[in-house]
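Have the model open beside you and take a short walk through it with this report.

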Amino acid sequence: MEQDKWDNENWRKRTMVSETGSSPCKSKCPAHISIQGYIKKASQGKYDEALRVIKRDNPFPAVCGRICPHSCETECTRNKVDEPLAINEIKKFIADLDLKEVDTYVPQVYTHYQDKVAVIGGGPAGLSCAYYLGQEGYPVTVFEKNERPGRIRRRSVRKNR
């Protein structure tokens, strides 16, 4: 029987992290972020590049990092060696560095379309949609009924008595 690749006793000698395909932690991530990719960049001190990897799949890492249940950590293969990486803390650290910058990272747009797009609703889904459409080169206008976009509105729950 073939030895499981995660039970490799020479794990400390690995020099390459696969940036293609999927890993257990990435599969468990609701945003399917390339966790291996941004952790590799962060370990090299390349925080700007790590942020680009994160924002390719998640336009709001600072917010999502605070509400994320970080189930990726339960699937981290380091669990079989010692303990999981603090994946969520690394993501929050990188996102917070971006928030401290005067100009936060926004991906470069290479194509510009003439068609305008209206996004109705400035919640997380609407803003994500606007982000990715803008990244593709569409002029986007977000229409939101509240004063400020981005708020997750909580519904009041009435208890039956």
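Predicted model: local features only at pLDDT ≥ 70, side-chain atom pairs only at ≥ 80, totals over all residues.

Residues are numbered from 1 along each chain as its sequence is written, and side-chain values use heavy atoms, with hydrogens and water left out.

**The second largest pocket**

The second largest pocket holds about 220 Å³ of space. It has 15 lining residues, and those closest to its centre are Phe60, Val63, Cys64, Pro124 and Ser128. Two or more residues of the lining come from each of helix H4 (61-67) and helix H7 (124-136); H7 gives the most, with 4 residues. By type, the lining has 10 nonpolar, 4 polar and 1 charged residue.

A pocket is an open set of points on a 1 Å grid over the protein atoms alone, where a 1.4 Å probe fits, with protein on both sides within 12 Å along at least five of seven lines; lining residues have an atom within 4 Å of a point. The volume is the space filled by probe spheres set on the points. Helices are DSSP runs (H or I, at least four residues), numbered from the N terminus. Ala, Val, Leu, Ile, Met, Phe, Trp, Tyr, Cys and Pro count as nonpolar, Asp, Glu, Lys and Arg as charged, and the others, Gly among them, as polar.

**Salt bridges**

Side chains of opposite charge can pair when their charged atoms come close. The whole structure has 5 salt bridges (a side-chain nitrogen of Lys or Arg within 4 Å of a carboxyl oxygen of Asp or Glu). Among them are these:

| Pair | Closest N and O atoms |
|---|---|
| Asp98 and Lys55 | 3.1 Å |
| Lys92 and Glu89 | 3.0 Å |

Which parts of the chain does the pair of Asp98 and Lys55 link? Asp98 is in helix H6 (residues 87-100) and Lys55 in helix H3 (residues 47-57), distant parts of the chain 43 residues apart. Asp98 is buried, at 8% relative accessibility, and Lys55 is buried with a relative accessible area of 8% (buried means under 20%, exposed over 50%, partly exposed in between, with a 1.4 Å probe and protein chains only).

Lys92 and Glu89 are 3 residues apart in helix H6, so about one helical turn separates them. Lys92 counts as buried at 18%, whereas Glu89 is partly exposed at 47%.

In the remaining pair of the table, Asp82 is partly exposed at 45% relative accessibility, and Arg78 is partly exposed at 25%.
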